[in-house]
Structure formats: C-alpha cells, structure tokens
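Here is a quick tour for anyone opening this model without having seen it before. Have a look at the picture, then read on.

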Amino acid sequence: MPKVKVDGIEVEVPQGATVLQACEVAGKEIPRFCYHERLSIAGNCRMCLVEMEKSPKPVASCAMPVADGQVIYTNTEMVKKARQGVMEFLLINHPLDCPICDQGGECDLQDQSMKYGVDKSRYELNKRSVKEKYMGPLIKTVMTRCIHCTRCVRFAEEIAGVPEIGAINRGENMEITTYLEKTLDSELSANVIDLCPVGALTSKPYAFEARPWELTKTESIDVMDAVGSNIRVDTKGWEVKRILPRVNDEINEEWLSDKSRYACDGLLRNRLDTPFIKINGKLQACSWDEAFKFISDNIRGLTGDKFFGAVGDLVDVETMYMFKRFFKDVLSSDNIDFRSTNYFIDPSHKANYLFNTSISRLEEADLVVLVGTNPRLEATIINARIRKAYLARKTKVYSIGDVGDLTYPYENVGSSFSALGEILAKNGKIYNSLKSAKKPVFIIGECGLSSNGEYVLETVKKILKDNNFLNNDWNGLNILHQNASSVGAIYLNLLKSNFLDKLNDDTLKAVYLLGADQIKVKPVNKFIIYQGSHGGLNSKIADVILPGAAYTEKQGLYVNTEGRVQDANKASFPPGNAKEDWKILRALSDEFKKTIDINTHQILRENLFKDYPIFKEVDQLPKSTIDSLTFKNVTPINGNIKITDFDFYFSNIIAASSKTMDECKKAKQILQMTGTDN
Amino acid sequence: MSGKHVAKDQPTSFEFNTTNQKRIEEILKKYPPERKKSAVMPLLDLAQRQHNNWIPNAAIKKIGEILGVPYIKVYEVATFYTMYNLAPVGKYFVQVCTTSPCMIRGSGKIVNLCKKYISEKEGKLSEDKNSSWIEVECLGACVSAPMMQINDDFYEDLTVETATKIFEGIKNDKLPKPGSQKGRIGFEPNKRLTLVKN
C-alpha cells in the first residue's frame, strides 16, 4: 500500500486510490464539484487542485492516482490561488440568482465560494444564458446555472442505466440535455437533483416550497417498497415538504427511487381525518365514541371464526402486533393475513422468505436468475445493485418471465416452470452458467410464488443445494417482497392458509381492513371496518372508517425484504381527528370491555420485544443459519409463471393519492407512446 | 459563435443506401467488435454525404442502433464537431476561413462577397436554395490565404475578382477548377523559388 504525505501527515492508502482520497484519509477537506465517490472520475471542474512536490503545476487530486512517496500540500498559497482562479472561471457564467434559487442554503458552489470566491468579477463581457431543458415532471432545470460537472450525465449512464443525458455542443456553448428533451426514463431519475452541486437541476414538485434551514429533519424509513431505504423526512409545520435519501451502504447507498422521494405529496391529499359511519348506505362523519359504539353494536357476540383481518402494505410492526393482540384477546380470532393476492409463503424457516444474500452482497454475485420478478419496478434500489454487479463483473442475468427493460442486459429464458426443472436436471443455458458461477443468486418475486409457489421455492432451494450454493457462507436464495409490511407480518405469523376463500366465504360476518387497500372484498352481508390513513376503494365500501396515521406520522418498526428491522421516526402528526393506529386499537378494545393493557408506545415495544425478540435487533441483518432448513420433494408441473403488471407509480395508496406520481405516470405513458419508435 | 443549429423540420426515417451499407461493413472491420462505437465519426460522415450534406436526427438514431450506442452519445459527437451539419445546407456549401492568417490576407472581403452573392446571414440558404455559407476556423491552408472550402474542394489564393468568379460559377452551376486561383502549384513561393532553386 502506497504511503503519501499530506501536509506533513503520513497516510497509507490502498493501491489505486486517488490523491483526493488520501487527503480525506488525512482529514483534509478538498473542495470538489465533479468528483463523486459513487460515480466514475471526470476531473473536469478542477476545483480539487492540490500542490504536489516535484510537480510544476497544481494537480487535480480527484483524477491523480496515489503513488508511493508523494508529498501533497493542500493549504499552501499556490493551492489557494489556483482554487480561487478556478472559482472565478466557474462564476463567470454562473448567474447571481441565489435569492431565487432553490439550491440556496445547500449549494456546493455557494458554500465553496464563501471560501474561495473573490468579491468582484473581472469579467466584463456578456454572461451566457442557456435555454431550460425539459427533463420530466420531477426535474426542474435552470441550465444557465450549470457548471458542467457532468455528474448527472455519469449518474444516468452508470447508476440508472438510462444513458439519456448528455453534453451537447462544445466550449462555451456546451449544454447538458436529455436526448431531444425527453423525460428521463428511469425510476431513479430524481437522484440527479441531489447530485447537482448547483441549482441547475432542482426538484420540480418542491420548487419554491421552503428553504432548507426552515425544515425540521427527521430520520426515517421508506415504506414504498420492501427495500426499506433510509430516508430523511423534511417537514415544515405539519406538511412533509420533501423526502431525501440517507446514506446507508448496506441498503440504498445514497440513492432513492422516485416513488419513495415524491409520493410524499400524497400525504396531503385524500386523507381520512375524522371517523365515519355508514347510516342508510351513506357515510357520515362522527366522533370516535360513536364510531366505536357503532362497531361494538354491530359485531358484539360474533364468534372468532366470523371475523377476518386484512393487513395492508404500509403497516408498521407495532400496529400489526396490536392488531394481532386485538383479534386474539378481544375477538378470539386468528383469521389475519397480510397478503392481498394469494402467493406462497413458507414461514417454517427464515431462509424461506427472506432476501438471504442481502442487498449489499448482491454486488458479489456473478450470476443472477430472476424468477417471476421485475426488480426495476418492484425494488428499484435492488435493481441498481444488480446493475452495479453487472458493471463490476459482467454478471450474467437470466429471467424466467418476460419483464421488459431492466437497465442491464439479460436473457429471457421463457416463462415456463420447466425452465427451473431444466436447471435441476443439469441442462440448459442457466445450468451451464451456474456450473462456472461462484456466487449465484436466485431472486424469486411474488409473481413467481403466486400460482405454484411451493414448486418454485422448493425447486430453487434444491438447485442451490445440489450445487452447494446454499450454505452459511453463501446463500443464493432470495425472496423479493413488494410491500414494506410483508416480512414484519411473516415474523408475526399473520398468515392464514386459503385466506382468500375465507374472505369470500358467506359465513364471514365482519372484515377488519387495517390499511388494506389492494385486497378485493365483496361487500355483501359483511360488516366492514376500514382503518387507514387514506381514502381509497376499500374505504368507500366500509361501514366504519377509522382514520389512522401515515408512515411519517408515527413511530414504528419496519422489516425490509432482507429481514432487517428498522426504526421509522415520527416526523409529523396525523391530521384532524386521526390517531396513531395502535392507539385506535387500544381504545377499541376498551369498548369491548377487554382492555389490552398497553398505554404508551414504550410499553407496546416492550410487549412486542417480549413476545417476538426478533424485532429487538434493529438495523442488523438477521442472523440466520440454514442448518435447520428443510427440503421437500415436489412433482414437476406444467404451466407458466405469470408476471402481473406492476403499476410502479400507483402501487400503494399514498402514491396513488400523489399528484406528482400521477404526472410521472402520464409522462411515462407519453414516453411509451412517442417512445423510441415514434 | 453559438451552439449548433439543429433543423426543425426533420425527416421521419433514414436508411443507409446499399453502397453505404457495404461501406459500413468495411468501416466496422477496422475496429474490434467490442469497440465498434469508435466508428461513430465515419458513419456520421457517411450519413452526411448520403443525405444532402446534413445529418437528420433519424440518421443519428440509425447510427446509434448500428453501433449499439445510446442516441445521446451519437448526438454529442454530432454537435461537438463543426463539420457535421445538423440542418440543411446548400448544394454548394461554402466555408470561408476567417482565422488570423486568412483574416490578415483579406478574408473579410470574401465574407462580404458571400453576403452579397449567397445570403445576408451566415448559415442561411441563398434565394435559389442552391448555396449557403458559414465562417469557419482555420482549415489548414494558411500558406495560400485567403481561402474557402466549397463542399470537398479548397479554393485558395483568393482575390475579390477570383472569388466573384467562383460565386458567379455557383449561380450558374459551373465552378472553376479548385486549388490556387492564381495558378500556384504546390506551396511554391509567390514570386520566385528561393531555397531549393537548384
């Protein structure tokens, strides 16, 4: 490992590191615009100049590889003057519009000009001005502010895998644009807003909403998919103004999908803010007491098997736990399920339903087989990891089931179940790749588990076991869930076999929908309770509506598809008369005179941890060994894996209520219409 | 100078003709298959030659498809280099060099002639739609300045008289012989040979 001296401090850095990284190891801050540790090196902003002994000119530290014995200075007069010069050039064409720029207050150029900027300009010619470019409904462009760092160009090409942004023309006329000014066709597009060091690319929905110093920042967890991306929720008063990613190398690195970032305006619309009861076929607003009384009048005396509880896709663990307690203690029932469509889950062992390889180790994979899943839409962040693996080691990707563009090349091997049987019989293309693979990964989606789930799961397990890829060092078996509540619900064992038949059974008298909007309920001869944050199709057919809190409005645990428990904090509070969901269930148990004795969130957590210690280990991957994993022999079957359309922008009720998501969907439709084939 | 002018009226499709398709095959042989995107510049040139000396967006797309390169990357190259035209030019496309040596030798007068004979504004088609002109940077013929390029040919050692003749030739579809307009051969000195006389 080369040793270099930075301002007299000797540091040792790995071979292939850059001088800039060496300076950071030595604790020296190097200003930069174009350099970004997760993107390729461009070296075009020149802000990171440092002085190097035996070099007559200052060197761009971001692009200079470290060599043994280099002596670097970062604080000499020469460095300061060089950076001042660079800054002066950058500011020549940068407009002085910080007061009307959304980046103001969190702008790299603004910050660094405080240190390296000169107080007046020597430039007397006309500044250039650049026409705004259309980049879709999320990205607002003010291209005159652009300093051509090309971070957005590199992001689109490398991370997002949609090489649609580029720099056209040259010299003074260089402009950043999308090809023929089309919408950026990516689910990660809005990350270029964070990457842009100036105010050239800013957020369109958040335009002129607030200044960064006015916002209250709360660290939380995203619930739009089962990835559990780490987010920061920025609120001003009650309103959630924006959602930004938090760095977590094990999950989302520092990216966030467009839905996670921009569905937050759905938190302001379509909200349930007061209880409703249905009288003479019409929903009427009422008080909590009336609603509770209405419920108990209607369902008192029913036996446990007459109830069914459906848990929705955005529900936190505490609420689900409370729901389970409510069903057990108050209604003496265990008819609860978290699924909205019937897909196979084997809760007997953790490895059977988790993303066992873990998201971060996906990078090591040299073969990925997708079984009935479209990771681009179902888990955008995981798709970005697969792409990262593909870029790093040319990972071969196969898909069973046609899933469209995934942003990296893959081979579709048809959608028949027999494709799996073929690998098991040591035949075919996938087996040939598997033979030479060292770290293969099988990812099974909910579509893959829907019609003949047991066969798919057991066959994949057997394939991996036969080839010795199912051990405690490398577990290539991955289930990709779609919903944030899924794994938590499986941990709580909220599963009921044949639950759809039960739900449609005529003997069923009451259905309690806990934020369950996707499940289809026939409102015939049933008393339907809907508890949730947003009004949707299921709240319309409900007899009672109990307004609950959305994910930013309560503290709660969420378990992502890896089985990682994460704590989401309360950033805001429920609107109007709405209450946090566990409190509603607690109050309702009072009405039935069978009080669940939990009065604070803390006690709720203690109870939860006592009954399910698995939730105690927050932020950690579950320690799972495959020692006790059982295998089953399944008979081969015919048929196909059916990939159901996944409506990315409308996949849950918050996103469906969001105006921004609606615009995104329309933009996407226009893109597909005019598309690349006119 | 401003950014490249891209035509508003674009043809909807573009196909290389059979001769050019054969040429593309030949060009692609020069590069290793995994680096075939290097052929972007010769292909753009082919497209330009086939399509009345300008490249429509449909051709950019076509080239992207042939080379397996994103369209924007081809577009970047096409807008970067000055010799790719992205909007229609005349059948006679006049490029007048106005870099220092030519300027000192009187390229300003040639530019004035262009304005008089072709069009008042640079880059605009003439009234008979037959020709257009632009100013360009050094074309590497400083020794015979001032000069201009018409399509592929250099017209050097220009004077107002000889240039006028050329512009009239453009109008009548009959150009004089390219090269030095005062009969110089090679780069021999203007008056008499000095260095390698014997």
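## Ground rules

Helices (H or I, at least four residues) and strands (E, at least two) are DSSP runs, numbered from the N terminus. This is a predicted model, in which local features need pLDDT of at least 70 and side-chain atom pairs count only at pLDDT 80 or more, while totals for chains, interfaces and linings use all residues. Residues are numbered from 1 along each chain as its sequence is written, with chains lettered from A and ligands numbered from 1 in the order in which they are written.

## Chain B at a glance

Chain B has seven helices and five strands, and from the N terminus on they run α-α-α-α-β-α-α-β-β-β-α-β. Its C-alpha trace spans about 55 × 45 × 30 Å along the principal axes.

In chain B, five strands make an open sheet with mixed pairing, in the order β2-β1-β3-β4-β5. Strands count as paired if DSSP finds at least two bridges between them. At the edges sit β2 and β5 (179-180) of chain B, each pairing on one side only.

Take β4 (residues 153-156) of chain B: two bridges join it to β5(B), and the two strands run parallel. B:E156 has B:S180 in β5(B) as its bridge partner.

## A helix across the sheet

Helix α6(B) lies across β1, β2 and β3 of chain B, at about 155° to β1(B). That angle is taken between N-to-C directions, from 0 to 180 degrees, with axes fitted to C-alpha atoms, for helices over the stretch in contact.

Which residues of α6 (residues 107-117) of chain B are buried? They are B:S107, B:I110, B:L113 and B:C114. Down the axis of α6(B), these buried residues fall within an arc of 105°, so they line one face of the helix; the arc is that of the directions from the helix axis to the C-beta atoms. On the other side of α6(B), B:N112 and B:K116 are exposed. Buried means 20 or more other C-beta atoms within 10 Å of a residue's own, exposed means 12 or fewer, and partly exposed is in between, with C-beta atoms placed from the backbone.

The cover over the buried residues of α6(B) includes α5 (100-104) and α7 (160-171) of chain B.

## Where the chains meet

The contact (C-beta atoms, placed from the backbone, within 7 Å) takes 13 residues from chain A and 14 residues from chain B. Strand β7 (residues 165-168) of chain A gives the most to chain A's side, with four residues.

How values were computed
Two residues are in contact if their C-beta atoms, placed from the backbone, lie within 7 Å.
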